[in-house]
Amino acid sequence: MLNTNKIRKFFPAIKAGRIVSNNAASTQIPVQLLDLLKKLSVKYDNVHRGQSDASMATTKEFEAAYETIAQFINAPSVKNIILYRNTTEAINAVMYSLLTEFKTGDNVVTTFMEHNSNYVPWYGLCKEILPKFGIKVECRLAKFDKNTGELDLEHLKSLVDNRTKLVCCTGASNFLGTKNPIKKIKEIADLSGYKQPSGEKRSYLLIDGAQTAPNIFIDVKALDIDFFVWSFHKMLAPFGVGALYAKEKLLLGMKPFLYGGDMIADGQVTPTKVGYNVLPWKFTAGTPNILGTILSAQSIRLLIDFALWPGKNVYFMSDKKLALADVKKAMANISEHEKDLMTEALNILQSIEGLNIYGPKNPSKRTSLVAFNHPQFSPFKIAENLNKMGIESRAGCHCATLAHHYYKLNPPASCRLSFYIYNDLNDVKKACLAVKKILTNK
Ligand SMILES: Cc1ncc(COP(=O)(O)O)c(C=O)c1O
């Protein structure tokens with residue numbers, strides 16, 4: 001279990017009295033990372049681009065950040081970790097890097113519960129980019145159960161065939177809260193029989209981990225995922241860094257998404273031939289978000305410290321390799337805490353007559369977010385009223401536009417509350433009772 005009382009002390013936003021309950025969009029920054037940013041700001045230089053002590057020290061910290069990020073998801077090495085600006089850019093990177101491998105008759109299977117970031121790139125590929133080259137590829141969408149919020153695995157299975165190059169699925173829905181069964185989805189992708197250029201006969205699996213990595217332990221090795229993407233601004237770090245994990249053999253075969261500086265091998269540029277850098281730098285064109293990368297890795301270290309021994313810096317700012325057992329335990333504590341928060345939230349929200357609550361009824365089947373609608377109130381009005389009562393929520397489609405249309409919502413919108421490690425039961429009670437007050441005046 002989490003010691004929320006201790007954790008809250010490290011968050012200036014919480015100490016300022018805010019009830020931060022829009023965490024599925026972005027989380028808040030702890031004081032340790034703010035201090036670290038200040039410290040780094042007076043001693044950094046660019047990475048891989050200087051001989052000064054400052055440049056070499058920054059390069060060391062920057063490269064160490066890749067080690068931490070790899071260890072967090074049990075990736076075999078830093079060669080598997082490519083950093084982009086966010087989840088969206090990481091998914092686009094996969095799309096552009098695989099672009100030249102698609103053949104007429106291929107398909108991509110994704111789902112109705114995706115964030116637009118894991119649907120629109122595939123839509124763009126199939127409807128706008130490949131047709132310009134005379135290549136016809138279909139984008140297929142698997143359904144989910146409107147009542148339980150669970151992915152329809154039978155339907156997914158029926159869509160995947162021996163022309164499915166890629167199955168793209170979210171690890172957890174940012175609208176329904178549903179945690180998807182990654183193992184089962186992987187089995188479906190594995191059995192497709194699609195002949196990849198490497199000779200492998202199966203579909204690749206891309207998991208959108210934006211709502212998964214901050215809340216649930218993900219072991220990319222054990223799950224044997226091909227591509228896993230997430231953003232650090234949803235797990236305590238500042239904005240600006242997202243990660244792509246990919247299997248090394250895939251990255252070796254893939255084209256770079258961005259071309260330019262640092263992704264080329266030293267000296268290997270001539271008018272007729274360019275040689276690429278080794279992994280992961282082959283995919284790191286131009287000066288990266290250096291400070292953001294260092295802070296993102298430290299946000300992982302801090303998250304584990306918070307979840308296991310808040311106030312004690314065992315991993316934060318140390319060289320200690322992340323022990324897989326500690327990552328597992330820390331993430332299990334976070335999941336358990338979120339289950340408790342969701343139990344409370346669902347209890348209160350379910351007592352509001354007429355309220356439609358989306359997603360699984362069982363709190364252990366969901367992450368710590370809950371979206372709802374009331375037939376008599378606009379979700380935007382609910383969110384505005386919540387704001388007046390000091391509760392931060394989000395109304396809209398949360399970029400899960402397909403799913404909102406799937407429910408035939410007009411406008412395609414719902415109101416969502418989402419919690420994280422610094423929220424306690426009191427926050428949840430206040431937020432959900434405020435919803436009740438707005439809707440029932442009780
Ligand atoms: C499931 C899911 N995928 C993708 C994204 C996009 O993340 P980003 O805006 O960091 O690219 C989000 C953000 O809310 C999300 O919840």
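**Exercise 1.** In this predicted model, determine what separates K381 and E384 along helix α13 (residues 379-388), and state how their side chains meet.

Solution. 
1. K381 and E384 lie three residues apart in helix α13, so about one helical turn separates them.
2. Their side chains form a salt bridge, with an N to O distance of 3.0 Å.

**Exercise 2.** Find where R140 and D161 lie in the chain, and decide whether R140 is buried or exposed.

Solution. 
1. The side chains of R140 and D161 meet in a salt bridge of 3.0 Å, N to O.
2. This pair links distant parts of the chain, 21 residues apart: R140 belongs to strand β3 (residues 138-142), while D161 sits in the loop between α7 (153-159) and β4 (164-170).
3. Buried means under 20% relative accessible area. R140 has 16%, so R140 is buried; D161, at 27%, is partly exposed.

**Exercise 3.** Identify which residues touch the most other members of the largest nonpolar core, and which helix gives the most to this core.

Solution. 
1. The core has 86 residues, and those touching the most other members are F72, F228, W230 and I421.
2. Helix α11 (residues 290-308) gives the most, with 11 residues.
3. Domain 1 (17-29 + 327-440) and domain 2 (37-295) each supply at least three residues to this core.
4. Beyond its neighbours within four places in sequence, I421 has contacts that include L236, L303, F306 and H337.

Conventions
Residues are numbered from 1 along each chain as its sequence is written. This is a predicted model: local features need pLDDT of at least 70, side-chain atom pairs count only at pLDDT 80 or more; totals for chains, interfaces and linings use all residues. Side-chain values use heavy atoms; hydrogens and water are left out. A nonpolar core is a set of buried Ala, Val, Leu, Ile, Met, Phe, Trp, Tyr and Cys residues joined through side-chain atoms within 4.5 Å. Buried means under 20% relative accessible area, exposed over 50%, partly exposed in between (1.4 Å probe, protein chains only). Helices (H or I, at least four residues) and strands (E, at least two) are DSSP runs, numbered from the N terminus. Domain bounds come from an automatic or database domain assignment. Contact means heavy atoms within 4.5 Å. A salt bridge is a side-chain nitrogen of Lys or Arg within 4 Å of a carboxyl oxygen of Asp or Glu.
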